[in-house]
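Dear colleague,

Please find the structure below, handed over for your study.

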Amino acid sequence: MRAKFKRKYTGRILLIFIILSQTFFLSAQKHTISGKITDATSGEDLIGVTVFIAGTTTGTTTNTYGFYSITLQEGNHKLSFSFIGYKTISRDMSLNSDTTYNIQLSPHETMLDEVVVSSETKDKNIRSAKMGVEKMDMKQIEMIPVLFGEKDILKTIQLLPGISASSEGSSGFNVRGGSSDQNLILLDEAPVYGASHLMGFFSVFNSDALKDVTIYKGGIPANYGGRASSALDITMKDGNNKKFAVSGGLGLISSRLTIEGPIIKDKMSFIVSGRRSYADLIAKQSSVLNDDMNLYFYDLNAKLNYKLNENNRIFLSGYFGEDVFGFGSGMGMNWGNTTGTMRWNHLFSNKLFSNTSLIYSNFDYAFRVGDDVDMSSGIVDYGFKQDFSWYLNPDNTIKYGLNITRHSFNPGVLTIDNEDSQDVVLDEKQAFESAVYVSNSQKIGNKFSAEYGLRLSMFNQIGEGWANTYNDNNEIIDSVFYEKGELMQSYFEFEPRLSFSYLLNKSSSVKASYNRMAQYLHLLSNSTSGQPTDTWMPSTNNLEPQTVTQYSIGFFKNFDDNKYEFSVESYYKQMDNVVDYEDGTDIMLNENIEASILSGIGRSYGVEFYLKKKYGRFTGWISYTLAKTENKIDGINHDNWYLAKYDKTHDLSIVGTYKLKKRLSLSASWIYSTGNAVTFPSGKYEYDGSQIPYYTERNGYRMPNYNRLDLNLHLVGKTKKRFQSSWDFSLYNAYNKHNAYTITFQESETNPGATEAVKLSLFGVVPSISWNFEF
């Protein structure tokens, strides 16, 4: 009986074991498909292409270099490759081993009713855990009217919710209550410190040379750091590796030319793109400027990429730009940026992607008066960056890496060629900034997804140099000298990042995010938009790093087969070690400027509404932000809360493009915003026969509200063989609104003893025309 029972249950146990073994064996039979996705016409890597398994929610997207990797069960699968503006391709694949599958996508021929204003997949905005992020479409940027017809990515992102212009016509911008220096601006991974031309009216980025633009204002991934408010990641084109191509344009302010092509077809390519303004040349011909006067800017972008083999690729890229403003040998100034990046992509396996970067960035400013006086300042970076992407499985993509940057600061040097005067040389400052990070993008079931990570950052100021300690009267009470390379001051910060999304149904989701950011660099400036004379400084024993903790929550909804996107996001920012100046502080060549800088706390909170139509003859968006930003710093405004100078209660943008005919489009943008907070005199008093203005509170008044309408008509010429051209006719400030740029106070000429306000407006209506071509 016992033997029979034993045989019976032993057989059942064995059967269960066999079934479990087979189940485990079958589940263990997984293989990886990986490869690169490129443009079929140019060979450019495509960023953000969606690769998914038909009939499932399993999928992935390509990284910055067009690489994807996805692990699936052994068997038959139908893969779809989808990217906005390109034809979707589906492939039936029998997967029985690891497979490399490179694919080229062809641009979709645009028909009358097929205009798009997005470079994302149709429902990625609700499925992705990312929030507070916007990927700009380069073709849409070309259609949006801007000042003097100069296409400008920095002015385009100012039309998005939560992002506002620092001042009229300026390329400077503020994100969710952060100052303009709290924006990390990267060009092929190199930081750009001076991102504007002509005192801020034009950005340094030539759109013809750019491939991808992504702005992060919340839920910022762990691989970004060093700034407290946002990250703007700009990627240059790699260069056409299929055929030679030339494009360019002529405008009222500048002309541009881009040349690209293969050195070795499908293996090595280049791109060179240049732009120069020529207002000075025209002015000289019309006798507006003297022959010895100069007023121009130029940009030069260059990139080379070489595919060594299937697992290794090298990129070399650089940017060179400068502004020149001079009156012969009498007076002048110039400022500019130089960046350089060398990158090596390596594929360790079909799941592990690596990128190694060497980075250089230089921003400098120089001013001269005659042959006797010269002043200069600047910042130079040398950096190393190592990033890994590990495609663990379809539900988990892990990113990790490290970076280290050597900062060299030149706060200012004034040389005077005069025996009776003494040079002013502020001590140069040196520092190392480093970080390690790890993050995971995870899908949990069909409805929940999350991105979470941790960044550990460190900042070390090193010698040689003096470290001063000041009393309440800004007097030095102690000084310590540090030798070259000696550690002067260290800071260390934990920067956790978290964002998640929960899918309510097929067309809507809720999201939330939390991130903490640390910024170790400080920009000394008295302007809202940023000027070349602004000076960068490191954190020291007197200047602690700024930190920002941000919480946000949002609702996302798509309508009408994903033609419309709607979102509402609310955020709250807590800011520590916010800096401001004592009343009357002079920041120019002030060797004890640290004594006049006060620090405290800040807060910013608001709600953002965003409605976008992505497809059809009419496309565009409406964005509205209701927000408040204020600071509390001991020693300012009687130690009470006061508005930040870039605070704007209301900020509304309406952008639209209507395709009238196949080759004719009309675009418009209308902007309304509350005026910036400013400090005006509340009254005046007489002292020793002079009228002295009396001030009560910091930023207690506002500039007048701002509004403007811009129009653009885009006409595409007929294609002649390979040659294609287009015209843009633009009106900036179409209804000639004289918005206030500054308001000053002076004694009335008609009523002596009375004070009157004088408004300065920069621009009335500004028409422009530009001609673009490519072949």
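Arginine 176 and glutamate 608 are both buried, where buried means under 20% relative accessible area, exposed means over 50%, and partly exposed lies in between (1.4 Å probe, protein chains only). The side chains of these two residues, arginine 176 and glutamate 608, meet in a salt bridge of 2.8 Å, N to O. A salt bridge is defined here as a side-chain nitrogen of Lys or Arg within 4 Å of a carboxyl oxygen of Asp or Glu. The pair links distant parts of the chain, 432 residues apart: arginine 176 is in the loop between strand 11 (173-175) and strand 12 (183-187), and glutamate 608 is in strand 38 (residues 597-613). Strands (E, at least two residues) and helices (H or I, at least four) are DSSP runs, numbered from the N terminus.

Please note that this is a predicted model, in which local features need pLDDT of at least 70 and side-chain atom pairs count only at pLDDT 80 or more, while totals for chains, interfaces and linings use all residues. Residues are numbered from 1 along each chain as its sequence is written, and side-chain values use heavy atoms, with hydrogens and water left out.

Further salt bridges

Side chains of opposite charge can pair when their charged atoms come close. The count of salt bridges comes to 30. One of them joins the side chains of arginine 343 and aspartate 188, at 3.3 Å, N to O. Because arginine 343 lies in strand 23 (residues 331-347) and aspartate 188 in the loop between strand 12 and strand 13 (190-191), this pair ties together parts that are 155 residues apart in sequence. Arginine 343 and aspartate 188 are both buried. They also belong to a network of salt bridges that links Glu44, Asp188, Glu189, Lys211, Asp238, Lys303, Arg343, Lys385 and Asp387.

How close are the N and O atoms in the salt bridge of glutamate 630 with lysine 628? The closest N and O atoms of this pair are 4.0 Å apart. Glutamate 630 counts as buried because its relative accessibility is 6%, whereas lysine 628, at 33%, counts as partly exposed.

Aromatic rings

A pair of aromatic rings is described by the distance of the centres and the angle of the planes. Rings of Phe, Tyr and Trp (its six-membered ring) pair if their centres lie within 6.5 Å; planes under 30 degrees apart count as stacked, over 60 as edge-to-face and the rest as tilted. By this rule there are 31 aromatic pairs. Among them is the stacked pair of phenylalanine 773 and phenylalanine 775, with 6.4 Å from centre to centre and 20° between the planes. Phenylalanine 773 has 16% relative accessibility and therefore counts as buried, while phenylalanine 775 has 39% and counts as partly exposed. Both residues are part of one aromatic cluster, formed by Phe723, Trp727, Phe729, Trp771, Phe773 and Phe775.

Surface patches

Patches are made of residues with over 30% relative accessible area and no salt bridge; like charges are joined within 9 Å, and nonpolar side chains (Val, Leu, Ile, Met, Phe, Trp, Tyr) within 5 Å. Accessible areas come from the Shrake-Rupley method with a 1.4 Å probe, and for residues only the protein chains shown count as cover. Lys and Arg count as positive and Asp and Glu as negative, without His and the chain ends; the place of a charge is taken as NZ of Lys, CZ of Arg, CG of Asp or CD of Glu.

- Negative: Asp427, Glu428, Glu464, Glu483, Glu486 and Glu591 gather in one patch. Glutamate 486 lies in the loop between strand 31 (476-482) and strand 32 (487-505).
- Positive: Lys661, Arg663, Lys718 and Lys720 form a patch. Lysine 720 is exposed, with a relative accessible area of 61%.
- Nonpolar: a patch of about 780 Å² includes Leu252, Trp727 and Phe729. Strand 41 (650-661), strand 47 (706-716) and strand 48 (724-732) are the elements that give two or more residues to this nonpolar patch.

Backbone

A cis peptide bond, with omega about 15°, joins glycine 463 and glutamate 464. Glutamate 189 has a positive phi, near 75°, and is not a glycine. Asparagine 699, also a residue other than glycine, has a positive phi of about 50°.

With kind regards
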